[in-house]
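Okay, everyone, let's get going.

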Amino acid sequence: MMSLLNSSDFTFSSFLVTGIPGLEGMYMWLSIPFTMLFFMTLAGNITIMLVIWTDRSLHVPMYLFLAMLSASDLGLSISAFPTMLKIYWLQAREISFPACFTQMFFIHTFQKFESAVILAMAFDRYVAISKPLHYASILTSGVIAKIGLAILLRSLAVEIPLPILLRRLRFCHSNVLSHSYCLHPDIIKLSCSNTRINSIFGLFVILSTMIVDFLLILFSYVLILKTVLSIASHGGRLKALNTCISHLCAVVLFFTPMISLSMLHRTGLKLPSHVYVLLANMHFLIPPVMNPIVYVVKTKQIWDRIVRLLCKKRSGKS
């Protein structure tokens with residue numbers, strides 16, 4: 001069997017996803033918090049989207065961008081959680097190439113979509129603080145629709161080539177992925193074909209989307225800080241900064257695990273494999289759970305609408 005695996009003529013027909021290394025005996029227990037996270041993500045993001053959709057007074061730029069953020073969080077969770085829960089519930093690790101490439105496409109597409117939405121939300125905060133009198137005329141419904149369409153088209157345009165380029169590769173050395181879901185860098189590492197084109201295009205996608213988004217978000221906050229410091233009253237400065245707290249939390253939740261993971265890989269620091277797995281899980285699983293909580297807690301209008309919705313349902317039942 002070993003000679004067959006070592007032969008370049010042998011190719012695998014499926015991948016094996018991986019749970020958390022070293023904790024295999026606890027998978028049944030781990031399935032409980034992961035399942036709870038999944039249902040919390042569904043409940044939180046669907047509630048926010050429903051509240052914004054049904055209440056016309058919330059059809060303003062800030063909340064429309066929040067609805068887009070919830071949609072991307074929902075898509076990211078639905079794309080990543082199934083294979084993870086299969087591992088912990090059923091000990092089922094095998095995933096076919098087409099299913100893996102499809103999952104990879106949706107995970108990375110929603111990842112790029114969320115990155116761009118967070119950038120759009122930074123622009124929204126900049127306009128609201130720096131040009132409050134022109135806010136409504138700059139960010140009209142038509143402009144929001146165009147921004148949303150541009151985000152969607154960019155996300156699809158950079159991700160569609162990835163599964164197409166992967167189809168030409170052969171996998172004959174190993175078929176064991178490092179994570180509980182399929183990611184592009186993880187897949188090309190296992191190929192015994194020339195992956196130069198895949199690696200260059202993958203790097204181009206990251207640099208031209210998420211890295212550019214992150215730098216533009218930082219630039220937006222430099223401009224916001226400059227405007228805030230020019231406000232005469234201390235109370236006015238605090239009020240302006242307070243409107244950015246929820247968005248700053250979204251930035252930290254989304255980008256911190258990704259940057260940390262990237263720095264660990266680049267420095268070559270030797271850490272237990274479960275540290276890398278946990279950081280990747282934080283990047284893909286924590287923002288979809290925490291973003292609705294942060295925005296509900298910090299945004300009075302959303303909280304009031306949710307309470308009103310719950311009260312309506314209770315009065316309807318009685």
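Let's start with Arg154: it is partly exposed, at 24% relative accessibility, where partly exposed lies between buried, under 20% relative accessible area, and exposed, over 50%, with a 1.4 Å probe and protein chains only. Quick note: this is a predicted model, where local features need pLDDT of at least 70, side-chain atom pairs count only at pLDDT 80 or more, and totals for chains, interfaces and linings use all residues. Residues are numbered from 1 along each chain as its sequence is written, and side-chain values use heavy atoms, with hydrogens and water left out.

So who does Arg154 pair with? Asp213, in a salt bridge at 2.8 Å, N to O; that term means a side-chain nitrogen of Lys or Arg within 4 Å of a carboxyl oxygen of Asp or Glu. This pair links distant parts of the chain, with Asp213 in helix H9 (residues 196-229) and Arg154 in helix H6, 59 residues apart. Helices here are DSSP runs of H or I, at least four residues, numbered from the N terminus.

How many salt bridges does a search of the whole structure find? It's 6. Another one joins Glu159 and Lys112, with the closest N and O atoms 3.1 Å apart. Again, distant parts of the chain are linked: Glu159 is in H6, Lys112 in H4, 47 residues apart. Glu159 is buried at 0%, and Lys112 is buried at 2%.

Notes: Helices (H or I, at least four residues) and strands (E, at least two) are DSSP runs, numbered from the N terminus.
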